[in-house]
Amino acid sequence: MAQKYAGGCEHHPVRVTAEPIDNHECHCNVCKKVTGQQTTHVAFFNHGDIKTDNEAAMKRVPFNADNPNGPLEICLCEKCNAVLMLDDKQKRIRVAVPNVMGYDDAKFPKATYHAFWDETKGYPAPKDGRPVYSGLRPEFVWPTPS
């Protein structure tokens with residue numbers, strides 16, 4: 001299958017062979033803590049749609065330090081510590097964060113909605129015309145593990 005998007009680092013070029021199954025601007029506290037950004041552009045792909053060479057060499061750390069046994073792991077280059085992807089231990093999805101994981105933002109599809117916005121966080125709801133949800137978009141269905 002042809003490569004659609006590329007990220008990663010010189011040691012682990014990451015290849016994406018499909019369009020995202022979900023593509024949102026995330027407002028969750030975990031993304032804020034991990035990225036240091038107020039909001040984070042997050043794209044979910046089916047697990048088999050993101051690959052890199054020598055995946056066994058990547059370092060893996062919990063995505064959510066407060067839930068270290070949760071399903072998502074941050075995959076890092078073992079040589080340069082570049083953030084490569086989020087990997088789901090259940091093999092449902094892999095996640096790209098374009099501005100953190102080496103993707104060309106200009107070529108990456110834009111987020112289609114806002115996820116995990118919470119009115120108690122003290123800032124106004126986004127008003128850019130995209131839908132705003134308190135979780136993932138209501139019609140999102142988690143893929144079957146590969």
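A salt bridge is counted here where a side-chain nitrogen of Lys or Arg lies within 4 Å of a carboxyl oxygen of Asp or Glu. By this rule, the count for this predicted model comes to 10 salt bridges.

**Network and the Arg94–Asp87 pair**

- Salt bridges link Glu55, Arg60, Glu73, Asp87 and Arg94 in a network.
- Within this group, Arg94 pairs with Asp87, and their closest N and O atoms are 2.9 Å apart.
- Arg94 has a relative accessible area of 4%, and because buried means under 20%, Arg94 is classed as buried.
- Asp87 is likewise buried, with a relative accessible area of 4%.

**The Asp128–Arg130 pair**

- A salt bridge joins Asp128 to Arg130, with 2.5 Å between the closest N and O atoms.
- Asp128 has a relative accessible area of 41% and is partly exposed.
- Arg130 also counts as partly exposed, at 25% relative accessibility.

**The Glu139–Arg137 pair**

- Glu139 forms a salt bridge with Arg137, and the separation of the closest N and O atoms is 3.6 Å; the pair qualifies because the cut-off is within 4 Å.
- Glu139 counts as exposed, since its relative accessibility is 53% and the exposed class begins over 50%.
- Arg137, by contrast, counts as buried at 18% relative accessibility, because that value falls under the 20% limit.

Note on methods. Residues numbered from 1 in each chain as written. Predicted model: local features only at pLDDT ≥ 70, side-chain atom pairs only at ≥ 80, totals over all residues. Heavy atoms only, no water. Buried < 20%, exposed > 50% of the residue type's maximum accessible area, 1.4 Å probe, protein only.
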